[in-house]
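Dear colleague,

I am handing over the structure below, and after it I set out what was found. Please read the notes with the structure open beside you.

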Amino acid sequence: MTDWTRDDHRYMAHALRLAEKGIATTTPNPRVGCVLVKGGQLVGQGWHERAGGEHAEVAAIASSSVPVRGATAYVTLEPCSHTGRTPPCTDALKAAGIAEVVYAMQDPNPEVSGRGAAALQAADIRVRGGLMADAAATLNLGFISRMTRGRPWVRVKIAATLDGRTALADGDSRWITGKPARTDVHRLRAQSCAVMTGIGTVLADDPLLTVRHVETSRQPLRVVVDNHLAFPTSAATLREPGGVIVATASSDDDRLEAVQTAGAEVLQLNTARGRVDLPKLMTSLGERGLNEILVEAGQSLNGALLANGLVDELIVYLNARVMGSSGRGMFALPVLETMERAMGFVITDTRMLGPDLRITLRPREAARV
């Protein structure tokens, strides 16, 4: 077992903070940071900013104003050893004369996993791995999910009252939560590859589903689950950058052509029951390089995703009001016969956002990544 020093932790923590700078821009690539240390001094730093751009190691080397030969590189992900849009980072580290590489987590990409470390060791570079691996994994839940399970990390956001109501009986939900909570949702949208909703939400609210209250250099893709292809060709979200996918079980060619002409891509993913095949939809989105999906939907889609085992994380914003039994709930699920069949969750974080309580949870039975 590696004996990590206080300085090891300090430099890796700095690399993780750098990695977080790319939280909204690196997709489909992972978020990675790197610092270079020589003679006890930080001599270079960098992070991966966007796909196709310099990787963190290359950016850190380029940032140094002194020769980095003999330095130690602290990087939040095992350096890549294959050629993608850019050359291998292992080659850049070798060419720069780096003496040691300390990385947080092994790359889950099967093209890299273990091979990057092996390539460095073959070049007589000392390699140590596993420092603050959990923190690095938390930054890259979506990338890990896509590499290991073939689908994105699915995060379901719900705004509700104390009695678990998400809207009035007529569907009105503006606004259950205060401005700080709504701004936080836009932060989640900014870091997500796509925002998913159901056709009921589109028909009731005509939402934009874009990032507006925080800074962003890109807009997420919007995905609408629409069993019968009722998607309106005048939907406001079609006029926004980022693109729209409508997933449907319908085979109505006229409606399909109309929706495509309006500017949306249509995915036909039918099940035997005439509903959108949600597991296939998630696999399709993973194949497109989408790492994280934020779901902002009603109880029908929320319940269907939960029943299919596709919910990895819940973020619930609770407002201290009571709406009553006539309001709409969080999940539409089959009637339970016993309490033992109720789905369990683990609370991983709680915090106040203005007057609202944000609770982050994960299903107990969810696959670990």
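For the lining counts that follow, Ala, Val, Leu, Ile, Met, Phe, Trp, Tyr, Cys and Pro count as nonpolar, Asp, Glu, Lys and Arg as charged, and the others, Gly among them, as polar. This is a predicted model, in which local features need pLDDT of at least 70 and side-chain atom pairs count only at pLDDT 80 or more, while totals for chains, interfaces and linings use all residues. Residues are numbered from 1 along each chain as its sequence is written, and side-chain values use heavy atoms, with hydrogens and water left out.

I begin with the cavity. On a 1 Å grid over the protein atoms alone, a cavity is a set of points where a 1.4 Å probe fits but cannot get out, whereas a pocket is an open set with protein on both sides within 12 Å along at least five of seven lines, and lining residues have an atom within 4 Å of a point. Grid points are joined across faces, edges and corners, and a volume is the space filled by probe spheres set on the points. The structure holds 1 cavity of 30 Å³ or more, and the volume of the largest cavity is about 80 Å³. It is lined by 17 residues, of which Thr26, Asn29, Arg31, Asn291 and Glu292 are the closest to its centre. The lining divides into 7 nonpolar, 7 polar and 3 charged residues. Helices (H or I, at least four residues) and strands (E, at least two) are DSSP runs, numbered from the N terminus, and helix 6 (residues 141–149) gives the most to this lining, with 3 residues.

The second largest pocket has a volume of about 690 Å³. Among its 26 lining residues, the closest to the centre are Ile23, Thr138, Arg155, Arg187 and Gln191. Its lining comprises 10 nonpolar, 4 polar and 12 charged residues, and helix 7 gives the most to it, with 5 residues.

Next comes the sheet. Two strands pair if DSSP finds at least two bridges between them. An open sheet is formed by 9 strands in the order 10-9-8-7-11-6-12-14-13, with mixed pairing. Strand 10 (265–268) and strand 13 (345–353) are the edge strands, each pairing on one side only. Strand 9 (residues 244–248) pairs with strand 10 in the parallel sense over 4 bridges, and in this pairing Thr248 stands opposite Gln268.

Strand 7 holds Thr197. This residue is buried (under 20% relative accessible area, where exposed is over 50% and partly exposed lies in between, with a 1.4 Å probe and protein chains only), because its relative accessible area is 0%. Contact means heavy atoms within 4.5 Å, and the residues that Thr197 touches, not counting those up to four places away in sequence, include Val202, Leu209, Glu296 and Leu301.

Finally, some backbone details in the loops deserve a look. Thr27 and Pro28 are joined by a cis peptide bond with omega of about 10 degrees, and Pro28 is placed in the loop between helix 1 and strand 1 (33–38). Met132, although not a glycine, has a positive phi of about 60 degrees; it is in the loop between strand 5 (126–129) and helix 5, and is partly exposed at 27% relative accessible area. Leu229 also has a positive phi, near 55 degrees, but is buried at 1% relative accessibility.

With kind regards
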